[in-house]
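Here's a quick tour of a ligand site and a hairpin. Have the viewer open as you read.

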Amino acid sequence: MSMYLQPSTREELISALGQLTDKSRIIAGGTDLMPDLRKKRPDVDIFLSLSAMEEMKEIRISDDTICIGAMATHDSIARNAEIKTWATALHHACSHVGSQQIRNRGTIGGSLANASPAGDMIPCVCLLGGTLLLLGADGAFRRIPAEDFTLGVSRTALHPGEVLFAIELPVRKDRSTAFVKLGSRKEVTIAQISIAISWDKGTRYQNPDGYLGAVDVTPVHLEEMPELIGQGPVDDAAKDRLAESLRDRIRGIRMNRKRPPKLKITEAERLYKERAVRSVVYDVFDLAETID
Ligand SMILES: Cc1cc2nc3c(=O)[nH]c(=O)nc-3n(C[C@H](O)[C@H](O)[C@H](O)COP(=O)(O)OP(=O)(O)OC[C@H]3O[C@@H](n4cnc5c(N)ncnc54)[C@H](O)[C@@H]3O)c2cc1C
C-alpha cells in the first residue's frame, strides 16, 4: 500500500521531502507520470502530490525577473500577458502543448523534471537564460542554470529528495523571442523538432541566438546563427544556409559520438529530422516577422 502526501505549505513540503525514498514519486499534473505508472507498474512507497502547493502555482513578475512556480500550468503561462511580452517563446510553447486538457493539467515543472528530449519547455527556458530553483529536504534552495539541468533522457540534476520549486527568467526588455515546433500532426502533437530563437528587440535580426529541440537528449545551442544569417534582414538564402548547417549538425550529433546516442530514433526519424529542420527554420522566421 502506497502512502499519499499532499503538503500545502513550504514547511509541510520540506517535511514530506525528508520522507521520500528511491521508490517514491512526486506528482504534479500527472500527464506524464500516470501513463508511465500504468505502463511500468513500479512498486511506489510514497506519492508526494504538489497539487495543494498554491505558492508553487504563482507567476510573479518584477522589474528584472519572471518567477514561475513549478506548478504553474501550461495554460496559466500561455494566458499570462507579461510572459507573452517578455518571454514570447515560452508563451508560444505553452500555447501549443498537447490539447487544452493537457495544458490545464500539465505543469512547467513536470515538463522540465520529466526530461523528455521532445519537451517544448527546455529549449525555451535555455534560450531565455533561465535558472531553476531546487528545494531540498534540508529546506535549502539550490540554483542551477537551465542548460545544466537535463542530464539525459528522463535524467536531471535533481538530487534524491529534491523538488523543482520555481523557474526564474531574467526580464530582457532588449530581446525578442519566438518558438515553433514541427510534429507529426497539426494539433496535440509531440515535437519531432523544435526551434527557439532570439534577437535584439526592434532590429530583426541583430545578435541572433537559438536552440534546437528534440534532436538530441538536451537542447542544441545554435552558436553559429550570427555567422550564418548575419546581423540584418533574413532572406531565403540566409534561411537555407542556416537550415543546411543545422542539418549537418543533426547528422553530426549522431555520427560524432564515441558511445551510442541515448536518444533512440530510427533511421527514418533521423532522415525526417534532417529534412524537417528547413521547415522549422522558415516557420520560426515567418513567426518572428509578426514580432517586433
Ligand atoms: C496527450 C499528451 C500530449 C502532450 N503534448 C505535449 C506537448 O505538445 N509538448 C510537451 O512539451 N509535452 C507534451 N506532453 C507531455 C506532458 O504533458 C508535459 O511534459 C507536462 O508538462 C508534464 O507535466 P505534469 O505536471 O503533468 O508532470 P507529471 O506527469 O506530474 O510529472 C512528470 C515527471 O516529473 C516529476 N515531477 C513533476 N513535477 C516535479 C517537480 N516540481 N519537482 C520534481 N519532480 C517533478 C514527476 O515525478 C514525474 O517523474 C503531452 C502529454 C500527453 C499525455
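## Who sits around the ligand?

How many residues surround the ligand, and which are the closest? The shell holds 30 residues, with I26, T31, L33, H74 and T107 the closest; a residue counts as near if one of its heavy atoms lies within 4 Å. Sorted by class, that shell has 13 nonpolar, 14 polar and three charged residues (Ala, Val, Leu, Ile, Met, Phe, Trp, Tyr, Cys and Pro are nonpolar, Asp, Glu, Lys and Arg charged, and the others, Gly among them, polar).

A heads-up: this is a predicted model, where local features need pLDDT of at least 70 and side-chain atom pairs 80 or more, while totals for chains, interfaces and linings use all residues. Numbering starts from 1 along each chain as its sequence is written, and side-chain values use heavy atoms, without hydrogens and water.

## Polar contacts and cover

Polar contacts here are pairs of N or O atoms within 3.5 Å. At L164, a polar backbone atom is 2.9 Å from a ligand nitrogen.

On its own, the ligand has 980 Å² of accessible area (Shrake-Rupley, 1.4 Å probe), and the protein covers 86% of that. The elements giving two or more residues to the shell are β2 (25-27), α7 (108-114) and β10 (163-170); α7 has the largest share, five residues. Elements are DSSP runs numbered from the N terminus: helices are H or I, at least four residues, and strands E, at least two.

Strands β6 (131-135) and β7 (141-145) run antiparallel, joined by five bridges; pairing takes at least two DSSP bridges. L134 stands opposite R142 in β7. Five residues lie between the strands of this hairpin, and G139 takes a positive phi near 85°.

Terms used. A polar contact is a pair of N or O atoms within 3.5 Å; within protein, one must be able to donate a hydrogen and the other to accept it, and residues adjacent in sequence count only if both atoms are side-chain atoms.
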